[in-house]
Amino acid sequence: MKQTFEQALVEQCAPTLAGMKPASLFRIQGPSLALLSEKAEHWNELLSPLGMRVQTLRQCAKTTASIVYVYREEWVSRLLADADTQKFLTEIGYTPTSLSGMLEQLSHRLCLDRDYPHEIGVFLGYPLEDVIGFIENQGRNFTCCGYWKVYGDPTCAQQCFARYRSCTERYKELYQTGTPILHMIVAS
């Protein structure tokens, strides 16, 4: 693996691990899909008691790549239960069910060789107005851009982006100096 599973977990998911963000997603390539699945299952077992889950949403045998979703289960469940979010997801073809059912539907929409489905922002905790704005504007006419393209208040989003960047830099530093990942987790 060019990047270890643990490095990707820290570098791509720090704000989620810190309890600042409901979910994160990363794509990782490994020597085998079996090894990546084992890593995801291992971390899921370690993080579940802390209110977090690690789930492989999609794998590609051709590239030996996986898309891994790291999330705070209760927080994402609340986000997806929001009436406006449910209305939006229903309008684009989702059938509102349990969190696991919604993630299964998202998994079917993912493809490792093309862009992510735009609604994935809802599953990552991006503001609904920004997800809808991105779709309606086809990625153009945004007010600012950072972790996502913003169509609402740019000042609030930029403050959020700065917190995420600071958290990520701090977590990378902690990991590089030997702090175990489990010591970096803020429990739900």
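These legends go with close-up views of a predicted model.

**View 1. The sheet has 3 strands, in the order S1-S3-S2.** Here we have an open sheet with antiparallel pairing. Strand S1 (23-29) and strand S2 (52-60) sit at the edges, each pairing on one side only. On average, neighbouring strands are turned by 20° against each other, direction ignored.

**View 2. Zooming in on S1 and strand S3 (residues 65-72), we find 7 bridges joining the two.** The two strands run antiparallel. To get your bearings, look for Phe26, whose bridge partner in S3 is Val68.

**View 3. Helix H2 (residues 33-47) lies across S1, S2 and S3.** H2 runs at about 165° to S2. H3 packs on the sheet too, touching S1, S2 and S3, and the direction of H3 makes about 90° with that of S3.

**View 4. Helix H4 (residues 83-91) has Thr85, Phe88 and Leu89 as its buried residues.** These residues lie on the same side of H4, because they cover an arc of only 95° around the axis. As for what covers the buried residues of H4, the list includes helix H3 (73-81), helix H5 (99-109), helix H6 (120-123) and helix H7 (128-136).

**View 5. Asp82 caps the N-terminal end of H4.** One of its side-chain oxygens lies 3.1 Å from the backbone nitrogen of Asp84. Just after H4 comes Gly93, with a positive phi of about 110°.

Technical notes: Residues numbered from 1 in each chain as written. Predicted model: local features only at pLDDT ≥ 70, side-chain atom pairs only at ≥ 80, totals over all residues. Heavy atoms only, no water. Buried < 20%, exposed > 50% of the residue type's maximum accessible area, 1.4 Å probe, protein only. Helix = DSSP H or I, 4+ residues; strand = E, 2+ residues; numbered from the N terminus. Arc of directions from axis to C-beta. Contact = heavy atoms within 4.5 Å. Polar contact = N/O pair within 3.5 Å; in protein donor to acceptor, adjacent residues only side chain to side chain. Pairing = 2+ DSSP bridges. Axes fitted to C-alpha atoms, helices over the stretch in contact; angles between N-to-C directions.
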